[in-house]
Amino acid sequence: MSERQGADEAVAGLPTQRGFAGSPFEVLDERRFPSPWPHLDAVLQLGPGRMVGIGAHRGHREAAAGLEIALHTAGSGHSTLLFAPNLPARNAVPNLRIERPAQLTPERIREIVNTRIALRQHPDVVVVDHFALLRPDPPVYEPTSYDPWDDPAEDERDPDVQEADEIGRQLKLLATRHDLAVVVMAHIRRPFSKTEALTVDRLGLAASLEYDADALLLLRRADDRRVDVHVAKNRTGPAPHQFTADW
């Protein structure tokens, strides 16, 4: 059994608000947390146990989608944690707690979430801005446990890709085990013309989010008021598909 299969099986059957999930990706809780863009809510479906990835060009307005989601969910009365080490200090916002850990890892995020739960301040939404700032929880891969006969195809992968895969898996486990929504921002790295198709590989290592995310969206500025939305993955609707939305 591969490490990924073992993790997936460990998540299956975890309790949710309304019962037990039959798979790591089944959300039985019908609560939804609104985003600032009602026309995107049908795809985002922010709710307990769900992880959503959003890719955008650095420096464009939509690159601040993580912050905007955090501000909106907090303003709607939902307890929100925003992990943004590079975000400048800003005025306090009710229901929003901003964390700027020097070392951003899934384990550090879990520790902070557990602390909030212990204080009876269970977060509804966790926003990570952005994927490239995340580091794996060491050690992820133990050289002494290497056995090429276990899964040669997996062992031959780039170690950076394996670490990115592990980070995505741990964030999905966070959403499922703690009954919260996780939003992960990522940067579209390579510039391209408006005639080129939006593809997941333009996210670099963050493309690993495609495996564990429930929805993965890539955003590209169409004009001053609109963005092209490429839905690369959607467990609850059609994908891939593209549409243009007001922004």
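The side chains of Glu111 and Arg108 form a salt bridge, with 3.1 Å from N to O. This is a predicted model. Both residues sit in helix α4 (residues 106-118), and because they are three residues apart, about one helical turn separates them. Glu111 is partly exposed, at 34% relative accessible area. Arg108 is partly exposed too, at 35%.

The structure holds 11 salt bridges. Three of them are listed here.

| Salt bridge | N to O distance |
|---|---|
| Glu111 and Arg108 | 3.1 Å |
| Glu62 and Arg221 | 2.9 Å |
| Asp223 and Arg226 | 2.8 Å |

The bridge between Glu62 and Arg221 links distant parts of the chain, 159 residues apart. Glu62 lies in the loop between β3 (51-57) and α3 (65-75), while Arg221 belongs to strand β8 (residues 215-221). Both Glu62 and Arg221 are buried.

Asp223 pairs with Arg226. Asp223 is partly exposed, with 27% relative accessible area. Arg226 is partly exposed at 37%.

Aromatic rings come next. The structure holds one aromatic pair. The ring centres of Trp37 and Trp247 are 4.1 Å apart and their planes stand at 20°, so the pair counts as stacked. This pair also links distant parts of the chain, 210 residues apart. Trp37 is in the loop between β2 (19-20) and α2 (41-44), and Trp247 is in the segment after β10 (241-246). Trp37 is buried, with a relative accessible area of 6%. Trp247 is buried as well, at 15%.

Conventions. Residues are numbered from 1 along each chain as its sequence is written. This is a predicted model: local features need pLDDT of at least 70, side-chain atom pairs count only at pLDDT 80 or more; totals for chains, interfaces and linings use all residues. Side-chain values use heavy atoms; hydrogens and water are left out. Rings of Phe, Tyr and Trp (its six-membered ring) pair if their centres lie within 6.5 Å; planes under 30 degrees apart count as stacked, over 60 as edge-to-face and the rest as tilted. Helices (H or I, at least four residues) and strands (E, at least two) are DSSP runs, numbered from the N terminus. Buried means under 20% relative accessible area, exposed over 50%, partly exposed in between (1.4 Å probe, protein chains only). A salt bridge is a side-chain nitrogen of Lys or Arg within 4 Å of a carboxyl oxygen of Asp or Glu.
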